[in-house]
Amino acid sequence: MSYSSRGAALFLGGVAIASVAVLAAVPPILQDPHYHAFADARPLFGIANFCDVMSNLPFVAVGIAGLMRFRRDAPTAALFVGILLTGFGSAYYHLAPDDHTLFWDRLPMTIGFMGLFAAALDERFAGVGRAALVPLLILGAASLLWWRWTGDLRPYVWVQFYPCIVLPILYWRFPVMTGAPVLILAGALYGLSKILEALDRTIYLADGALVSGHTLKHLAAAAACYTLLRYFELRRPLA
């Protein structure tokens, strides 16, 4: 293992231990009962919450495009399976938002996050990402089952945000592929999607607004997913 690979492994392990310790020390994180009260509930063509439902179509398009290109690369294929299924799961959730349907929105996202993490591992440690993929996917699903059984979101929070914390630093400090600016753009778009989500009602109630912040959140997140697709298409090993 090279010096850079050892550093990356120590970094990943250290952040994992520290983040698990922090979450273990805080009280259980419960689902906000008001989470499902989205601003735009307008139906159209017989479809409830039309804009929040139909704005998931870009996820389906990106997922299909990614699978057509990378179906033989297991970690990357898992990422695009997660993106594809997020389109369907999120649409299903927004038809009738509640905790039961939210499970099917979040499950595909864990597939995507774990697939992206496994792909990053595979770039740096040959074969490790492929070997870790199934355990990571099981971990993602288990975090949501734990939430359904106990009401505690802490494991799911870790599954979602651990990759978001380590991947930007991993690609910046331990680069092995070209395309870092593309990944920075993907991260910025994902961050924008979280801001738009928080401003859901504010944007919807603004003068002249046609859509809500949550609808725009879907579009920004789908743009981030498309940017990831471009990264995997354009990346090349560093000399």
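Of the 239 residues of the chain, 46% count as buried; buried means under 20% relative accessible area, exposed over 50%, and partly exposed in between, with a 1.4 Å probe and protein chains only. This is a predicted model, in which local features need pLDDT of at least 70, side-chain atom pairs count only at pLDDT 80 or more, and totals for chains, interfaces and linings use all residues. Residues are numbered from 1 along each chain as its sequence is written, and side-chain values use heavy atoms, with hydrogens and water left out.

**Fold and overall shape**

- The chain has 10 helices and 0 strands; helices (H or I, at least four residues) and strands (E, at least two) are DSSP runs, numbered from the N terminus.
- The radius of gyration of the chain is 18 Å, which agrees with the value near 18 Å for a compact globule of 239 residues. The radius is taken over C-alpha atoms, and the globule rule is 2.2 Å times the number of residues to the power 0.38.
- The C-alpha trace spans about 55 × 40 × 30 Å along its principal axes.
- Among contacts with a separation of 6 or more, 74% join residues 24 or more positions apart. Contact means heavy atoms within 4.5 Å.

**Largest pocket**

- The largest pocket has a volume of about 1000 Å³.
- On a 1 Å grid over the protein atoms alone, a pocket is an open set of points with protein on both sides within 12 Å along at least five of seven lines, while a cavity is a set where a 1.4 Å probe fits but cannot get out; lining residues have an atom within 4 Å of a point.
- Grid points are joined across faces, edges and corners, and a volume is the space filled by probe spheres set on the points.
- The pocket is lined by 47 residues, and Phe-113, Gln-160, Cys-164, Tyr-190 and Lys-194 lie nearest its centre.
- Helices α4 (74-95), α5 (99-124), α7 (154-173), α8 (180-198) and α10 (213-234) each supply at least two lining residues.
- This lining divides into 29 nonpolar, 12 polar and 6 charged residues. Ala, Val, Leu, Ile, Met, Phe, Trp, Tyr, Cys and Pro count as nonpolar, Asp, Glu, Lys and Arg as charged, and the others, Gly among them, as polar.

**Largest cavity**

- The whole structure holds 1 cavity of 30 Å³ or more. The largest cavity has a volume of about 40 Å³.
- Its lining includes Glu-123, Arg-124, Tyr-171 and Tyr-231.
- Both α5 and α8 supply at least two residues of the cavity lining.
- By class, the cavity lining has 6 nonpolar, 2 polar and 2 charged residues.

**Selected residues**

- Asp-73 sits in the loop between α3 (57-70) and α4. Asp-73 counts as buried because its relative accessibility is 15%.
- The side chain of Asp-73 makes a polar contact with the side chain of Thr-76 (2.7 Å). A polar contact is a pair of N or O atoms within 3.5 Å; within protein, one must be able to donate a hydrogen and the other to accept it, and residues adjacent in sequence count only if both atoms are side-chain atoms.
- Not counting residues up to four places away in sequence, Asp-73 touches Arg-130 and Arg-235.
- His-214 lies in α10 and is buried, with a relative accessible area of 2%. Not counting residues up to four places away in sequence, its contacts include Asp-52, His-94 and Glu-197.
- Ala-141 lies in α6 (residues 128-150). Ala-141 counts as partly exposed, at 26% relative accessibility.
- Leaving aside neighbours within four places in sequence, Ala-141 is in contact with Leu-107 and Thr-110.
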